[in-house]
Structures are given as C-alpha cells and as structure tokens.
Amino acid sequence: MIRSSVTISLVPEVRGGPFIFWDDLAEGCRKAAELGFDAVEVFPPGPQGVDAVLLRKLVADHKLSVAAMGTGAGWVKHRLSLTSTDAAVRGKARDFIQAMIDLAGSFGAPAIIGSMQGRYDGIDREAALEYLREALEHLGEHAKQYNVPLLYEPLNRYETNLITTLDAGVQYLKSLSTQNVKLLADLFHMNIEETNLAAALRGAAGFVGHLHFVDSNRRPAGLGHLDYTPIAHALKESGYNGFASAEAFPWPDPDAAALQTIRAFWMYFRSA
Ligand code: LER
Ligand code: MN
C-alpha cells in the first residue's frame, strides 16, 4: 500500500524551496500526525544537524515513520558534489552521504541523492557518470545494513546534466553491481523531462523506491496541471508500495499546502 508523507526542512539556506513544513521538527511532526500523514521526510543541515533523540521521540509519540532523509544540504551548505573534478570534494561528498545514510538508517529510512549528484563541468559526461557509479556502488552497499535502499533522484535539465529521465535512471542502475539503489521519481522533474509520466513510471516498475508527490508547477498536488489518475494507476499497477511524499512549495502557506496534499493523496491513492 502506498503511504503518505510530508517534508520538513531544517535548512534555512533553502528558504523559498519546495518543502511544506519548516524549521520546527516538533511542530512539523505534530501537524503531520494531526492531518493523518503516515510519515515525515526530513531535510536536515547534515548528519549532526538533527536532534535524533528528539526525532525518535516525536515519531514514536505521533506514530509516524520517517519516509526518507535528503542529503542536499551537503551541496547547499558546503558545495559538495559526487561528480566534482576535485577528488577531495568528491571524498567529502561521499563521507557526508555515508553519515546521512547512518542517520536515516537508524530510523529505518533511506537517504536521497538529489543535488549531491552535481553536474559535470570541465570533464566529459562519461567521466562524471563513472565518479557517480563509484559512489553509488559504495553507498548503496553501505545502506544494506539498515535494510533500506539508497535513493537516486533524476533531476530536470536545469539542475543536472547527468540523468534526467526515469528510463535513463533504470539503464544506469542496471549497469551497477549493487542492487540496492532505487530511483526517486519526482513528478515535478518528470513533468519537465518525460514524454508521458504514467508510461515512464510503468517502464521503471520495480526500480522506483520513492515518490515526490507534487504538481507541475511544484505547488502541492492538485494545484497545477498534472493528471494524477493515470499516474496513480501506473504506480499501483506496477506494484509500487513506497511513500508519496509532498516535496512541494508551501503554497499558499504550509498548513494549506499540507491539507491540500493529504486530500489529493486520499483522492488518488486511497479511493478508486
Ligand atoms: C530534491 O528532492 C529535488 O527534487 C531537487 O530539485 C533538489 O532540490
Ligand atoms: Mn525531489
């Protein structure tokens, strides 16, 4: 069964970005539970940037799961990238993500590689994909001890020049030795890059480990022009049983965005 999740950002530098709740873990968890979300997706400043004891208590008290944790603060705050031409930067990026896998793993949650994949510049695409491959092989295997996958997110062309579609992601994952990396399908990025979102999801059946549930304009689901009926059918029929996690602008405000999302979730994933 597909479960609902909502994002909480703890990173002031990404203010204005696509996260529903902000800054306050306790308040975000309380509101998520009040609206009936199954889980929260946390975007922390780093492996030491979240009070793990507090988060453990909050999710237990509110009967929430942690759906995933983002690693993008490594890029936003420290300019780390897995495909940097500087080996020292690549090494730090890998260490940052490994520590994030340990933190997320202690909550039974996967870590997400989105912005940390970077974009190639000054080297050719093949060389960059080779750097990324080395990192995914190592980090994917590292995540195994927590019984969670590592999530790799194709991004739109304005955010990466590596892998921008689910199909390219599937081909890339098939070329890895590790079987423990799954794709994160973000409907906002897919709206820019895919020809047909439902067909892309069907084509990636078995490879999708997480969903960013958001509309075409990155507003909450239902406030843009995506047609969710075929998308939800494609996910259900391909056996997807992960989270639909709201990574969207807090538009018009966080509370209304969360309410809009949970209503859309029920409409498309729980009825019909
Ligand atoms: C992260 O999940 C994402 O979607 C990227 O656009 C980085 O912000
Ligand atoms: Mn995303």
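Six donors count as octahedral if opposite donors are over 155 degrees apart and all others between 65 and 115. With that in mind, welcome to this predicted model.

**View 1. The manganese ion (ligand 2) sits in an octahedral site.** Its 6 donor atoms make angles of 69 to 173°. On the protein side, the donors are Glu-153 and Glu-247, each through OE, Asp-186 through OD, and His-212 through ND1. These protein donors lie 2.1 to 2.3 Å from the manganese ion.

**View 2. Asp-186 and His-212 are both buried.** For Asp-186, the relative accessible area is 1%. For His-212, the value is 0%. Buried here means under 20% relative accessible area, and 54% of the 272 residues of the chain count as such.

**View 3. Around the site, the chain folds into 10 helices and 9 strands.** A compact globule with 272 residues would have a radius of gyration near 19 Å, and the 17 Å of the chain agrees with this. Along the principal axes, the C-alpha atoms fill a box of roughly 45 × 40 × 35 Å. Among contacts between residues at least 6 apart in sequence, 78% join residues at least 24 apart.

**View 4. The accessible surface of the chain comes to about 11200 Å².** Carbon and sulfur atoms account for 51% of that surface.

Technical notes: Residues are numbered from 1 along each chain as its sequence is written. Chains are lettered from A and ligands numbered from 1 in the order in which they are written. This is a predicted model: local features need pLDDT of at least 70, side-chain atom pairs count only at pLDDT 80 or more; totals for chains, interfaces and linings use all residues. Side-chain values use heavy atoms; hydrogens and water are left out. Donors are N, O and S atoms within 2.8 Å of the metal (3.2 Å for Na, K and Ca); water is not among the atoms, so sites may look incomplete. Four donors count as tetrahedral if all angles lie between 85 and 135 degrees; four count as square planar and six as octahedral if opposite donors are over 155 degrees apart and all others between 65 and 115; anything else is irregular. Buried means under 20% relative accessible area, exposed over 50%, partly exposed in between (1.4 Å probe, protein chains only). Helices (H or I, at least four residues) and strands (E, at least two) are DSSP runs, numbered from the N terminus. The radius of gyration is taken over C-alpha atoms; the globule rule is 2.2 Å times the number of residues to the power 0.38. Contact means heavy atoms within 4.5 Å. Accessible areas come from the Shrake-Rupley method with a 1.4 Å probe; for residues, only the protein chains shown count as cover.
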